[in-house]
Amino acid sequence: MSGTGATTWVYDFGQGSKEQKDLLGGKGANLAEMTNLGLPVPPGFTITTDACRYFLAHRSTPPELADQVTEHLTALEKAMGKTLGDPADPLLVSVRSGAAASMPGMMETVLNVGLTDESRHGLAAQSGSERFAWDSYRRLVQMFGKTVLGIDGDLFERALEEVKREQGSDSDLDLDAGHLEDVVRRFQAIVTEHCGRDFPQDPREQLDLAINAVFDSWNSERAVIYRRRERIPADAGTAVNVVAMVFGNLGMDSGTGVAFTRDPGSGEQGVYGDYLQNAQGEDVVAGIRNTVPLTELEHIDADAYRQLRGVMARLEAHYRDLCDIEFTIERGKLWMLQTRVGKRTAAAAFRIATQLVDEGLIDTDEAVRRVTGDQLAQLMFPRFVSGGDATELTRGMNASPGAAVGRAVFSSETAVEWAGRGERVVLVRRETNPDDLAGMIAAEGVLTNRGGKTSHAAVVARGMGKTCVCGAEELDVDTAARRFTAPDGTVVSEGDVISIDGSTGRVWLGEVPVEPPSVVRYFEGAIDPDSEQADDLVRSVHRILTHADRVRRLGVRANADTAGDAARARRFGAHGIGLCRTEHMFLGDRRQLVETLILAEDDADRQAALAALAPLQKQDFLHIFAAMDGLPVTVRLLDPPLHEFLPDLTELSVRVAMAQARGEHDERAHRLLAAVHAMHEENPMLGLRGVRLGLVVPGLFAMQVRAIAEAAAERRRAGGDPRPEIMIPLVSAVQELEAIREETEEVLAQVCEEQGVELTAHIGTMIEVPRAVVTADEIATAADFFSFGTNDLTQMTWGFSRDDVEAAFFSAYLERGIFSVSPFETLDRAGVGALVRMAVEGGRSTRPDLKLGVCGEHGGDPDSVHFFHDVGLDYVSCSPFRVPVARLEAGRAALGAERAGS
Ligand code: PEP
Ligand code: MG
């Protein structure tokens with residue numbers, strides 16, 4: 001952004017729309033939308049995210065900004081008939097952050113800007129309340145002091161507590177005008193002491209400083225942590241909204257609240273939200289005072305309630321989705337302060353999507369776009385079994401569903417520290433605030449004893465898909481002493497295991513066992529989606545997945561090496577196996593036979609060892625082919641370095657030494673030790689493995705191919721329809737593949753002849769080595785299919801040893817923004833993705849009918865699935881539990897949905 005003459009940095013609410021989130025931020029865009037819908041929004045203007053980016057880059061605002069703010073402020077003053085900070089009748093404004101992506105509570109808001117020692121008199125005169133004017137002023141000094149001047153917020157909290165204590169009260173509502181004046185004086189003294197200057201008395205200076213503080217809060221620690229987790233780009237910047245103040249703290253006929261057009265927890269239709277009388281702005285969201293359910297508003301102020309219901313219905317129809325709303329009632333008049341498409345739990349997302357289809361607001365394509373694979377994965381987490389011997393301690397509010405078990409911890413730091421050493425923890429707090437974010441991320445779940453479903457803990461936990469029980473008021477939480485006391489007197493200290501159920505709000509001492517949720521039982525075939533047994537959620541998931549299957553182009557297979565996994569994968573909707581790893585089949589009792597194979601000194605010994613392994617291998621394949629009858633089963637020939645099947649060097653050395661010490665001679669152990677030494681590799685992942693093994697260990701691959709072919713022949717004779725595919729790992733040069741292909745075809749032909757059956761099997765290769773990518777056109781001449789082994793391909797592209805690097809330095813890389821997510825989790829499109837694309841093009845250039853799939857972990861990762869769709873693969877293959885996720889994301893990719901959902 002150049003910042004030259006023509007740039008518009010400021011937009012009036014009347015000038016924008018909900019489509020302009022990137023420029024105006026979500027809050028600004030939606031305030032503009034509501035303004036244009038004619039809803040009661042206090043007038044104001046938005047300073048763009050461009051201006052924020054300019055500020056962050058230049059450490060100063062764009063030169064034209066001050067004039068543009070003046071212009072819009074003047075218009076605002078005109079509309080309100082008041083002047084900012086006018087001593088007689090001041091216009092006051094709030095200064096609110098608002099990025100394109102919602103970042104609940106992560107950045108700053110300053111209310112009541114424009115109040116000074118002088119204009120406070122005007123506010124008192126106009127409102128007719130000295131108390132109100134002092135209360136508004138103390139809020140300004142407090143928020144401004146903390147947010148804009150960077151003073152430790154605790155100093156203000158403590159000063160306020162002190163005055164309350166001196167007055168013998170524990171609610172700020174008990175403080176009268178005189179007490180609040182005292183508070184303001186103390187706050188001002190804090191400012192002077194810590195900033196070396198007095199609290200600014202120039203309203204415009206207050207406004208400009210507050211705007212810059214919002215820009216700065218983009219890079220606050222908690223905002224950075226949140227963005228990293230939510231994968232929000234670090235350079236997006238925030239907009240700033242300057243809004244005429246309306247007051248919810250003018251008396252009991254005023255108040256402030258939060259509303260949802262549907263229950264964000266379950267998706268149920270109705271009136272959900274919280275209301276707090278005689279309160280301002282953040283009081284509700286902060287969960288500091290206890291709110292009443294929104295339905296109570298009907299009895300408090302029937303007119304305002306009716307009007308609010310009307311606005312809610314209007315917004316939902318307009319946005320065609322669940323909206324959440326912040327509103328204020330000022331002396332009976334309703335004002336809308338914010339709306340957005342609301343965050344919701346995974347279950348609510350599915351249920352709402354199908355409800356909206358039934359209500360005719362969206363079509364089924366859109367319903368598929370509205371849910372995500374991550375949400376579906378959450379629905380597949382286990383849930384608590386009722387009963388057991390854990391003691392129920394209490395019930396709180398079911399703020400964010402899930403079953404969390406872990407040791408109770410009472411601070412964010414402890415949560416991070418204990419989780420870092422592998423402990424599962426549940427973070428217990430009186431209420432959470434944005435400083436607890438790191439602990440919330442580290443914990444399995446969050447438990448608070450204050451605040452409602454719209455408290456910070458609840459909102460943030462839902463956004464993260466983290467289990468949360470909030471407002472468990474019966475618990476006496478003592479964070480300083482690191483314990484809480486249940487109503488029956490049970491004391492739970494830091495380190496004790498507790499279980500919390502975010503779907504029911506129940507809290508137990510001890511570990512409650514878990515069971516599969518209804519969605520998994522549906523996938524397993526135990527619940528018929530058309531029967532009475534199926535709940536709403538199962539029906540919604542069924543409808544959405546059925547539609548995703550209808551529209552998707554990508555096939556979905558599973559990675560499975562046992563008949564059990566194959567059968568489950570099939571129930572979960574897999575159309576075949578994309579990777580059957582054979583290494584697991586050589587472990588356990590069979591390790592002995594592999595040792596014998598490795599120790600074989602001549603052909604006869606080797607043949608004998610292979611002959612012993614062959615029937616066992618055949619049995620493995622028989623069961624897998626049966627489970628996947630009629631569907632392709634891609635069997636990968638042995639891949640890992642052989643020493644993985646040999647005993648550990650140290651263990652073996654000790655065994656030999658001990659035998660020697662006893663005067664015995666263990667010949668086999670001696671020979672094994674020699675073999676282990678001989679096979680030692682400095683970099684085994686780059687050593688003798690994959691196709692290289694097949695080329696240097698005579699008969700190994702042939703034995704595996706024979707087992708596959710004989711199993712297929714036997715299935716065929718039994719009336720089955722086996723569809724084996726043979727896959728060669730770690731190929732780098734076409735010559736490697738040609739040699740193994742020739743051997744494989746010979747064995748297949750022999751078995752056909754011996755067994756008198758017709759057998760065909762596709763023979764293909766994995767693409768895991770950069771050289772294979774670069775020579776994909778050649779390799780394709782010897783391959784019927786390619787399957788991208790993106791685990792190895794990532795490892796070899798980055799030069800990262802995948803077994804070592806994640807623990808060693810990934811957190812440093814994530815912190816420094818070198819990548820925003822591990823490339824082993826989500827495909828690195830720019831690097832590894834470019835290689836995949838190159839191999840697709842190369843392979844198809846010489847072999848247009850080449851079948852293309854992926855079987856690395858990325859095959860079940862939502863973001864990566866979209867990439868594989870775009871690049872034109874035929875299928876993805878992933879672990880059985882990820883199959884439904886891949887089906888859904890493949891459907892969403894075909895419908896052009898964004899990965900993160902709408
Ligand atoms: C891969 O490299 O992506 C792959 C599937 O093989 P493995 O993880 O078994 O090396
Ligand atoms: Mg591999």
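The legends below describe close-up views of a predicted model. Residues are numbered from 1 along each chain as its sequence is written, and chains are lettered from A and ligands numbered from 1 in the order in which they are written. Local features need pLDDT of at least 70, side-chain atom pairs count only at pLDDT 80 or more, and totals for chains, interfaces and linings use all residues, while side-chain values use heavy atoms, with hydrogens and water left out.

**View 1. The magnesium site.** Glu768 (OE) and Asp792 (OD) coordinate the magnesium ion (ligand 2) at 1.9 to 2.1 Å. Donors are N, O and S atoms within 2.8 Å of the metal (3.2 Å for Na, K and Ca); water is not among the atoms, so sites may look incomplete. Glu768 lies in the loop between β30 (762-767) and α29 (770-774), and Asp792 in helix α31 (residues 790-798), so the pair ties together parts that are 24 residues apart in sequence. Helices (H or I, at least four residues) and strands (E, at least two) are DSSP runs, numbered from the N terminus. Both Glu768 and Asp792 are buried, that is, under 20% relative accessible area (1.4 Å probe, protein chains only), where exposed means over 50% and partly exposed in between.

View 2. Strand β31 (residues 785-788) runs parallel to strand β32 (residues 851-854), and four bridges join them; two strands pair if DSSP finds at least two bridges between them. Phe788 stands opposite Val854 in β32. Strand β33 (residues 875-878) pairs with β32 in the parallel sense over two bridges, with Tyr875 in β33 opposite Gly853. From β32 the chain passes through helix α34 (residues 862-871) to β33 in a right-handed β-α-β crossover (with the strands pointing away from the viewer, the path from the first strand over the helix to the second runs clockwise).

View 3. Phe523 is found in helix α19 (residues 518-523). This residue, Phe523, is buried, with a relative accessible area of 4%. Leaving aside neighbours within four places in sequence, the contacts of Phe523 (heavy atoms within 4.5 Å) include Leu376, Val541, Phe572 and Arg887.

**View 4. An open antiparallel sheet.** Five strands in the order β1-β2-β7-β5-β6 form an open sheet with antiparallel pairing. Its edge strands, β1 (10-12) and β6 (109-113), each pair on one side only. Strand β5 (residues 93-99) is joined to β6 by three bridges, and Arg96 has Thr109 in β6 as its bridge partner.
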